[in-house]
Amino acid sequence: MMIRFAIVPLLLALNFSMCKRGETVSQNSQSSGSPAAATAAPVAAASPKITKPVVDQTAQTIIFCYHRLVDKIRYPGTEITPAAFETQMKELKDRGITVISMQDLLAWKRGEKNIPPRCAVISFDDGWKSQYEVAWPIMKKFGYPFTMFIYTEGVAGGSLGGGQAITWEQLADMRDNGVDIEAHTATHQDLRKPYDKVARKRLSPPEYEQWLQNEIVGCKQLLEQRLGIKVNCFAVPYGFYNEHIKEVARNAGYEAIFTVYGQPLTYNAPLNSLGRYMIEANKPKVFADAVKMIGTSTGGAAAVAEVATTNLATQPADGETVRTALPLIRANLSAMGPVDPGSVQLRVSGLGLVPASFDVKTQIVSYQVTQKLREKTCTVILSAKSSGKKIETHWTFGVEETAAATSTSPTPTPTPKK
């Protein structure tokens, strides 16, 4: 009996020792990467690698800009009849040009999704009541998405919002139904000049910077607060801008800046100066030319490289205002690399392809305008081939009102929406 009681503690001690030894072996196996470790603790599966889709960089798009739709045209520089507008929307459909949203365009440029090889974006500026009452039903009929660029003081109740202005309630209705709403400043003025035409006051440098913040940043903040949306696009009034304005807009968080010169936009088109075709009753050819240009693109064409104008020492500079309607236009192409002299082409808005001269030694292309520029803004499109690849750039400059010939374009003075 005594022997039996003595054996029990011995067996218990032996069992405890074996357990400890097993734990030690298991730990050593895991640390040494032995097969025992694989069975003891399964290894977590590697997370799938997330890659962006490969987008078609040869696709092209055009952006149209409309203002007010009225039956009786009084201001042909900013108006179009509903019948003409509907005809144009139908023509896009008939020609197989897909209308996409502005956000799809930006997603394509970020490399996140594809767009059709030939497509268009529709936008409306300012915030007129007719855009809600007339244009929107037509857009619904065709199932087209579109963007509204709003200047906030022009909304009903604002200092510039008269009886023809859109209301915040109407904007909210459009928002709830998928319409993209973006910024177009607070009071729709020429942002380059330190003069507030609404307050009729010349601004000191500190006052100008504060005013510029309110026009560019304050507009964005008000739209986001009143409508509970994210604003990432900014349309510059009249296409008047300079590098400082673009810098303020970029710092405000805008992803893209839109101007008024129109041309097919490529994958590499700079986001800080995306041009739109202004559709006006007195210029019916603009729509026809835009559709014709995008219609020649079927996808699969060689991609066009965009070059920043800051590298080309352009004259006049991008955003500059000249005091003559007969300016000298120049650019230094040395930043493009070895340029094929026979490929250099210069196009000037209102004039078309011009007989520019190209100096092979200095790499400077130049053209002296001989026919007065009739508009208050002028766009230059420069293209050339370098090492077999097409390179293109464009810039816009202003023409002082006193120097320009009589124009039917709207004067850059904000007026209430009567």
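A residue is counted as buried when its relative accessible area is under 20%. In this predicted model, buried residues make up 47% of the 418 residues in the chain. The secondary structure comprises 9 helices and 21 strands.

Helix α4 spans residues 102-109 and is mostly covered, with 6 of its 8 residues buried. The buried positions are Met102, Leu105, Leu106, Ala107, Trp108 and Lys109. An α-helix has 3.6 residues a turn, so residues three or four places apart point the same way. The cover over the buried residues of α4 includes several strands, among them β1 (60-66), β5 (118-126) and β6 (147-150). Strands β7 (180-183), β10 (233-235) and β11 (256-258) also belong to this cover. After α4 comes Gly111, with a positive phi near 80°.

Ser123 is located in strand β5. With a relative accessible area of 0%, Ser123 falls under the 20% limit and is therefore buried. A polar atom of the Ser123 side chain lies 2.7 Å from the backbone oxygen of Phe64. Leaving aside residues up to four places away in sequence, Ser123 touches Ile63, Phe64, Cys65 and Tyr66, as well as Thr147, Phe149 and Arg276.

Cys65, one of the residues touched by Ser123, is itself buried, at a relative accessible area of 0%. Cys119 likewise counts as buried, at 0% relative accessibility. With a disulfide taken as a pair of cysteine sulfur atoms within 2.5 Å, the count of disulfides comes to 0.

His184 is found in the loop between β7 and β8 (195-196). The relative accessible area of His184 is 1%, so this residue is buried. Its contacts, not counting residues up to four places away in sequence, include Asp125, Asp126, Phe149, Ile150 and Tyr151. His184 also touches Cys219, Phe234, Ala235, Val236 and Pro237 under the same exclusion. A polar atom of the His184 side chain lies 2.8 Å from the backbone oxygen of Ala235. The C-alpha atoms of His184 and Cys219 are 7.5 Å apart in space, and the two residues are 35 residues apart in sequence.

Val354 is part of strand β17 (residues 352-354). A relative accessible area of 9% places Val354 under the 20% limit, and Val354 is therefore buried. Beyond residues up to four places away in sequence, Val354 touches Leu346, Val348 and Tyr367. Val354 and Gln368 are 14 residues apart in sequence, and their C-alpha atoms are 9.5 Å apart in space.

The structure holds 2 cavities of 30 Å³ or more. The second largest cavity has a volume of about 30 Å³. Its lining consists of Arg192, Gly239, Phe240, Tyr241, Gly319, Glu320, Thr396, Phe397 and Gly398. These lining residues divide into 3 nonpolar, 4 polar and 2 charged.

Methods:
Residues are numbered from 1 along each chain as its sequence is written. This is a predicted model: local features need pLDDT of at least 70, side-chain atom pairs count only at pLDDT 80 or more; totals for chains, interfaces and linings use all residues. Side-chain values use heavy atoms; hydrogens and water are left out. Buried means under 20% relative accessible area, exposed over 50%, partly exposed in between (1.4 Å probe, protein chains only). Helices (H or I, at least four residues) and strands (E, at least two) are DSSP runs, numbered from the N terminus. Contact means heavy atoms within 4.5 Å. On a 1 Å grid over the protein atoms alone, a cavity is a set of points where a 1.4 Å probe fits but cannot get out, and a pocket is an open set with protein on both sides within 12 Å along at least five of seven lines; lining residues have an atom within 4 Å of a point. Grid points are joined across faces, edges and corners, and a volume is the space filled by probe spheres set on the points. Ala, Val, Leu, Ile, Met, Phe, Trp, Tyr, Cys and Pro count as nonpolar, Asp, Glu, Lys and Arg as charged, and the others, Gly among them, as polar. A polar contact is a pair of N or O atoms within 3.5 Å; within protein, one must be able to donate a hydrogen and the other to accept it, and residues adjacent in sequence count only if both atoms are side-chain atoms.
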